[in-house]
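Dear colleague,

Please find the structure below for your review. My notes on it follow directly after.

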Amino acid sequence: MASRKAIYDAVVTALNTSTGINYVTIDVAENAWSFKDNKFPAVRMLDGEEQITRLAFPDDVSEDMESELPLEFMGYVKKNISQTDSIDLSRNTLMVDIEKALTGSTAIDDLVKDITPQERGTDRGYSDGIGWTNGVFRVLYHYNHLRP
Amino acid sequence: MAATVGKDGKFLIGTTGTVAYMDTWAITPGIDTPEITAYGDSSKAYGSSLRSWAMTASGTLDRSDTDQADMMDQFEDGTLADIACRFYFAAASYWSGSVRLTGQTINSQVGDKVSISWTGNGNGNLSATTS
């Protein structure tokens, strides 16, 4: 049965499984500039403002609610001396890795009706060797009003 | 008595077959009113003759639901027949009657759920049951 937490957990697992991502955090207070070098590329996941509507008359259906959950992420890359890739290329590669991880996960697919990228920004800033990117995935899922 | 809200509703075929994933139903009763204006009348006059009613029900497609399948079957290779319908507006309060289905619409859009709807005409009286 889908739930907000189950989806969020599956998203974090899928990102952690990606070989192109070395660190995943859901902590908004964690400072990317204090990450150790081996944690890059890193991703911070944030759940956005959820829009919920009734899907069906609740009698006799297991999923009577429909939710659109925006999953927002920030991606961080860092350039070090041994790297030949530019920050821009690293950001783009991270963006692709995130999308592959989320749209290719069977565990996420089992929980949601649809997951699609909604916004992507590959060049959101650069400071002290760290470049960052961000984006939003639209997740559509159904659940029971008694088991949110 | 309290105000009625849609979430307490449901759409049934037969007496127990709750059609799954329905989110809307509507019934539209009407009465034919033939004009009976006579010579000398100063205004038009109408009488009442036959009652009639029509219905719609819609929701999300679930081909595995037997009650949805029974409705769809009429438009595929099933026997055309009346369907006994109940339109609940509260836990034990509903309108009921026999329906001759007249149409079915299935709508699929990428990025959204697949919707299904039916239209039909009442075949006989519409009855009300309230608790």
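Tyr23(A) and Phe35(A) are both buried, that is, under 20% relative accessible area with a 1.4 Å probe and protein chains only. This is a predicted model, in which local features need pLDDT of at least 70 and side-chain atom pairs count only at pLDDT 80 or more, while totals for chains, interfaces and linings use all residues. Residues are numbered from 1 along each chain as its sequence is written, chains are lettered from A in the order in which they are written, and side-chain values use heavy atoms, without hydrogens and water.

The ring centres of Tyr23(A) and Phe35(A) are 5.2 Å apart and the planes stand at 75 degrees, so the pair is edge-to-face (centres within 6.5 Å, planes over 60 degrees apart). Tyr23(A) lies in strand 1 and Phe35(A) in the loop between strand 1 and strand 2 of chain A, 12 residues apart; strands are DSSP runs (E, at least two residues), numbered from the N terminus. Both residues belong to one aromatic cluster, together with Trp33(A), Phe40(A), Tyr76(A) and Trp132(A).

Turning to the interface, 13 residues of chain A are in contact with 15 residues of chain B (heavy atoms within 4.5 Å). Of the area that chain A buries against chain B, Leu55(A), Phe57(A) and Asp59(A) supply 48% (accessible area, 1.4 Å probe, lost on being put together). Two salt bridges cross this interface (a side-chain nitrogen of Lys or Arg within 4 Å of a carboxyl oxygen of Asp or Glu). Asp59(A) also forms a salt bridge with Lys10(B), at 3.6 Å from N to O.

With kind regards

How values were computed:
Buried area is the accessible area (1.4 Å probe) that two parts lose on being put together, summed over both. Rings of Phe, Tyr and Trp (its six-membered ring) pair if their centres lie within 6.5 Å; planes under 30 degrees apart count as stacked, over 60 as edge-to-face and the rest as tilted. Helices (H or I, at least four residues) and strands (E, at least two) are DSSP runs, numbered from the N terminus. Buried means under 20% relative accessible area, exposed over 50%, partly exposed in between (1.4 Å probe, protein chains only).
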